[in-house]
Amino acid sequence: MSGVRTHWPWYAAGVGLLVFFWALTPVLTPFVIGAGLAYLGDPVVDRLQRLGLSRTLGVVLVFVVLALAGLVTLILLAPLLYQQTVALLQNIPEWLAWIQNTALPWLGVRLPEGVRLDAAGLKAIVAEHWMDAGRFARMAWAQASQSGALLAALLANLLLVPIVTFYLLRDWDELIAWIARMIPPRHLPRVTQLARETDEVMGSFIRGQLSVMLALAALYSVGLGIAGLKLALVIGLAAGLLSFVPYLGFAVGFVAAMVAMLAQEQALLPLVWVAIVFGIGQVVESWWLTPTLVGDRIGLHPVAVIFALMAGGQLFGFVGVLLALPGAAAIAVMLRHAKIEWLQSALYRQGMPTEASADRPTDEA
């Protein structure tokens, strides 16, 4: 207790710092993204330094290569995305007519008596709840009136990300050294070991998960294109990029592809091809991509990953979602060490037979 009384100002300062960052979560997004990108780019810059380049020149070279890769990707994908987006907008009237004339009457005959989902039934529902609809419209207008400020904030964040990434990546080694100097020397070996294991887990997981996301995006896009879906690229990219959350990419992509294919072809047979594409994607992901590229590197069950993402979002918003997986990896490493210490503790081993007594033969007949 004397240590707590002596060092309580430092404990209070730590708690105050956590509260300070929690209050600033709305403006931390570009800094967290920039730190994540700097973390991913640091091994490449370190390798360039070992080849004789200066730190700043290595960072500039990495930025130039990434910018060229992004530009080439944009040139290749932008026309296809534009064509599919235009096709989506052009087909909306046709899809609405199909929903009104075919889908709603089909559902209407299967609903309880008195509930109608045709045009006349929908008009009756709207007329009955017009006051609620009016309140919703006012709320939507209030949100839309703030869209200009939100758009400006989004653009500012997008411009900040490369700037923050550049400076953090250039000074990454100095930042890590400064953090190490701030750790009490008696705790430095243990903290260094935990940090090294967390770095290995997170580095392997992030690189492997990005590879899985890109592979699934390509597989879903090509497969849906072969199946004849006009929105194959849009839905395939969305399903692949959302696959970092277990089963979310599959669920969103499958439902969206089913709805889009049904509205496009207005037949049931093409839905079979969509199901086959996503079935193949799940088999390839479960049996080859994830075991090969990710494996057990984060040491967390998929349910634990989903919980970490939801908990991070609930506590800290979008910043919490970004920090969820690094935090989960650090917690997994600490729990692994805690398990080892617990199994070797006197409290756990109390009452257990010693090795000598365990090896001694019993006197039972």
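Leu71 counts as partly exposed, at 45% relative accessibility; here buried means under 20% relative accessible area, exposed over 50%, and partly exposed in between (1.4 Å probe, protein chains only). This is a predicted model, in which local features need pLDDT of at least 70 and side-chain atom pairs count only at pLDDT 80 or more, while totals for chains, interfaces and linings use all residues. Residues are numbered from 1 along each chain as its sequence is written, and side-chain values use heavy atoms, with hydrogens and water left out.

**Nonpolar surface**

- Leu71 lies in helix α3; helices (H or I, at least four residues) are DSSP runs numbered from the N terminus.
- Together with Leu57, Val60, Val64, Leu68, Leu74 and Ile75, Leu71 makes a nonpolar surface patch of about 630 Å².
- Such a patch is made of residues with over 30% relative accessible area and no salt bridge, its nonpolar side chains (Val, Leu, Ile, Met, Phe, Trp, Tyr) being joined within 5 Å; accessible areas come from the Shrake-Rupley method with a 1.4 Å probe, and for residues only the protein chains shown count as cover.

**Salt bridges**

- A salt bridge is a side-chain nitrogen of Lys or Arg within 4 Å of a carboxyl oxygen of Asp or Glu, and by this rule the count comes to six.
- Asp42, Asp46, Arg55 and Asp173 are linked in a network of salt bridges.
- Because Arg55 lies in helix α3 (residues 55-108) and Asp173 in helix α7 (residues 172-182), the pair ties together parts that are 118 residues apart in sequence.
- Asp173 is partly exposed, with a relative accessible area of 33%.
- Glu197 and Arg336 form a salt bridge at 3.7 Å, N to O. Glu197 belongs to helix α8 (residues 188-227) and Arg336 to helix α12 (residues 302-343), so this pair ties together parts that are 139 residues apart in sequence.

**Nonpolar cores**

- A nonpolar core is a set of buried Ala, Val, Leu, Ile, Met, Phe, Trp, Tyr and Cys residues joined through side-chain atoms within 4.5 Å.
- The largest core has 18 residues, of which Tyr220, Leu224, Leu229, Ile235, Ala257, Val274 and Phe278 touch the most other members.
- Helices α8, α9 (232-241), α10 (248-265) and α11 (269-294) each give two or more residues to this core, and the largest share, five residues, comes from α11.
- Another core, of eight residues, lies apart from it and includes Phe205, Ala324, Leu325 and Ala328.

Notes. Patches are made of residues with over 30% relative accessible area and no salt bridge: like charges are joined within 9 Å, nonpolar side chains (Val, Leu, Ile, Met, Phe, Trp, Tyr) within 5 Å.
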